[in-house]
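Here is a briefing on one protein chain. Please look over the sequence and the structure first, then read the points below.

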Amino acid sequence: MSLVDVGAPVVYWFRSDMRLQDNPAWTRACAMGRPVLAVTFAPVLSTREGAWGIPGLSPSRKAWWAATVQELRRELDALGVSLLVLRGESMVALVRLFEASGAVALVCEEIAAPYEKAQLSSLRASGIVVHSVWQSTLFKAEDLPFPVTDLPGVFTRFRNEVERAKVPFRTPLPAPVNVTGCDLASDAVSFVEDFVDGVAASKFVADPRSAFQWRSGSSGASDEVLHLDEVLAGSGGGHAYLQRYLESGRVALYKATRNGLTGMAYSSKWSPWLALGAVSAPELMAALKAHEREHGTTDGSYWLWFELLWRDYFRWLHLQYGAGLYRPKGLLEAAKSDRVPRHRRSFILWTEGRTGCDLVDAGMRELACSGYLSNRMRQVVASFLIYELGCDWRAGAAWFESQLLDFDVYSNQGNWLYIAGLGTDPRGGRRFNVAKQTADHDPDGAYRALWSAGS
């Protein structure tokens with residue numbers, strides 16, 4: 001290996017923050033006055049949920065990640081910074097990278113989940129100086145009306161206290177412009193186009209039945225026309241889609257339509273960009289507030305804020321409870337007697353959409369074919385796995401991790417605990433009546449027909 005640029009660099013590790021603007025950690029790295037060596041890792045199924053026999057990540061999740069990284073690489077290339085996509089076990093690869101480059105420090109986003117925290121602990125134990133920055137929430141910890149250790153145990157109390165105190169959301173930062181790149185020649189470096197197990201991210205088109213229609217590409221091209229049903233991956237696509245969504249008139253309708261099952265327009269579809277950090281929550285909030293100043297506050301605009309608050313709450317819960325959220329019994333002192341896992345075959349049938357329950361099976365087929373599922377269906381299929389099939393909730397969380405192109409460790413864990421009744425919610429679980437859900441949300445059978453076994 002050979003260091004091309006002169007001067008000991010700082011390594012920046014893009015984790016779940018695939019953007020340059022409003023990225024405090026990236027801004028900090030660029031302000032250190034050293035060449036920046038930018039790296040990321042192709043995602044793998046973590047070990048956080050245990051061994052459930054899940055083979056790996058879905059093609060949809062891989063392709064969305066790949067297209068997002070390609071967009072990030074284009075932005076970095078414009079600054080003269082190369083992005084290295086490393087293979088292999090991340091900690092071993094980063095230690096080798098430090099040895100080869102003589103880098104003085106690593107800067108990255110702080111992620112308060114056990115697997116991600118262990119990664120940074122391992123790096124520090126190897127002697128690497130690590131600067132991690134908490135940045136994925138709407139608010140700064142010091143602006144909350146309570147210490148994180150005293151986080152309200154119920155979301156409604158959290159929301160009320162935040163609103164009563166009028167806590168300001170973090171002001172989005174501009175992208176740094178004064179950056180010096182650092183190139184490292186190495187056989188251990190692989191570009192994403194060569195890596196994603198045969199998935200051609202540059203040509204990916206979503207399943208035509210999917211509620212999240214997307215294709216890869218850059219919204220920077222002058223001939224691109226972006227519609228709500230024609231979504232582009234990457235940070236450029238994310239900002240363009242956000243603007244089009246706000247201009248579409250759908251904001252005012254959001255609360256009334258958010259529990260839909262099919263089509264792009266029933267919900268905001270912000271989550272795929274938020275999950276990889278291609279667009280930040282403060283950027284979304286700033287755009288939403290600007291929209292409200294021009295068009296007024298509506299039930300729909302408030303409910304979008306409400307959903308972003310839920311996203312924040314799950315993040316603060318991780319800072320408060322950490323690994324406790326990943327125990328088999330969650331935050332409860334004792335596991336409930338009806339939570340004994342049954343035979344593994346029930347879990348397999350659930351993943352394959354062969355449980356015999358038409359609505360659940362339709363949802364599981366949609367997830368497998370598209371990497372996406374509406375919020376309502378995520379709740380229904382999760383409840384069915386836990387309460388009707390008696391399976392371990394952690395297996396379901398791991399399956400979602402493998403399949404969802406908008407997988408977010410905080411929201412995934414928080415929502416599964418919420419359904420299972422093993423988190424902070426005082427109701428002790430959310431068991432969904434499938435017959436009622438079917439009557440309420442698919443009375444004509446259109447969704448079940450769309451995702452039937454023979455379609």
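**Lys166 and helix H5**

Directly after helix H5, Lys166 adopts a positive phi of about 50 degrees. This is a predicted model.

- Lys166 is a residue other than glycine, and its phi near 50 degrees is positive.
- Most residues other than glycine have a negative phi.
- Lys166 sits in the loop between H5 and strand S7 (184–185).
- Lys166 counts as exposed, because its relative accessibility is 71% and the cut-off for exposed is over 50%.
- H5 itself spans residues 155–165, and its residues Phe155, Phe158, Arg159 and Val162 are buried.
- Viewed down the axis of H5, these buried residues fall within an arc of 95 degrees, so they line one face of the helix.
- What do the buried residues of H5 pack against? Their partner is H10.

**Overall make-up**

- The protein has 17 helices and nine strands.
- Of its 455 residues, 56% are buried.
- Take the contacts between residues at least 6 apart in sequence: 76% of them join residues at least 24 apart.

**Nonpolar cores**

- The largest nonpolar core holds 122 residues.
- Within this core, Phe14, Trp26, Trp270 and Trp350 touch the most other members.
- Which helix gives the most to this core? Helix H10 (residues 299–321) does, with 11 residues.
- A second core is separate and has 20 residues, including Val11, Leu84, Leu94 and Leu106.
- Trp26, one of the residues named for the largest core, has contacts beyond its neighbours within four places in sequence.
- These contacts of Trp26 are Tyr12, Phe14, Leu20, Val36, Leu76, Val81, Pro176 and Val179.

**The cavity**

- How many cavities of 30 Å³ or more does a search of the whole structure find? The search finds one.
- The largest cavity contains about 40 Å³ of space.
- Its lining consists of Gly238, Tyr241, Leu242, Trp270, Trp273, Leu274, Val279 and Leu284.
- Helix H6 (234–247) and helix H8 (271–276) each supply at least two residues of the lining.
- The largest share, three residues, comes from H6.
- By class, the lining has seven nonpolar residues, one polar residue and no charged residues.

**The second largest pocket**

- About 800 Å³ of space lies in the second largest pocket.
- A set of 45 residues lines this pocket.
- Which of these residues lie nearest its centre? They are Arg15, Ser16, Pro43, Arg61 and Glu116.
- Six elements each give at least two residues to the lining: strand S3 (36–41), helix H2 (59–78), helix H4 (114–125), H8, H10 and helix H15 (409–420).
- H8 also supplies at least two residues to the lining of the largest cavity.

- Lys269 is not a glycine, yet it has a positive phi of about 60 degrees.
- Lys269 is placed in the loop between helix H7 (254–257) and H8.
- Is Lys269 buried or exposed? Lys269 counts as buried, because its relative accessibility is 1% and the cut-off for buried is under 20%.

- Thr298 lies in the loop between helix H9 (281–295) and H10.
- Thr298 is partly exposed, at a relative accessible area of 26%.
- Apart from its neighbours within four places in sequence, Thr298 is in contact with Val251 and Ala252.
- Thr298 and Ala252 are 46 residues apart in sequence, and their C-alpha atoms are 5.7 Å apart in space.
- Asn178 is in the loop between H5 and S7, where Lys166 is also found.
- Asn178 counts as exposed, with 67% relative accessibility.
- Asn178 and Cys30 are 148 residues apart along the chain, and 7.3 Å separates their C-alpha atoms.

Technical notes. Residues are numbered from 1 along each chain as its sequence is written. This is a predicted model: local features need pLDDT of at least 70, side-chain atom pairs count only at pLDDT 80 or more; totals for chains, interfaces and linings use all residues. Side-chain values use heavy atoms; hydrogens and water are left out. A nonpolar core is a set of buried Ala, Val, Leu, Ile, Met, Phe, Trp, Tyr and Cys residues joined through side-chain atoms within 4.5 Å. Buried means under 20% relative accessible area, exposed over 50%, partly exposed in between (1.4 Å probe, protein chains only). Helices (H or I, at least four residues) and strands (E, at least two) are DSSP runs, numbered from the N terminus. Contact means heavy atoms within 4.5 Å. On a 1 Å grid over the protein atoms alone, a cavity is a set of points where a 1.4 Å probe fits but cannot get out, and a pocket is an open set with protein on both sides within 12 Å along at least five of seven lines; lining residues have an atom within 4 Å of a point. Grid points are joined across faces, edges and corners, and a volume is the space filled by probe spheres set on the points. Ala, Val, Leu, Ile, Met, Phe, Trp, Tyr, Cys and Pro count as nonpolar, Asp, Glu, Lys and Arg as charged, and the others, Gly among them, as polar. The arc is that of the directions from the helix axis to the C-beta atoms.
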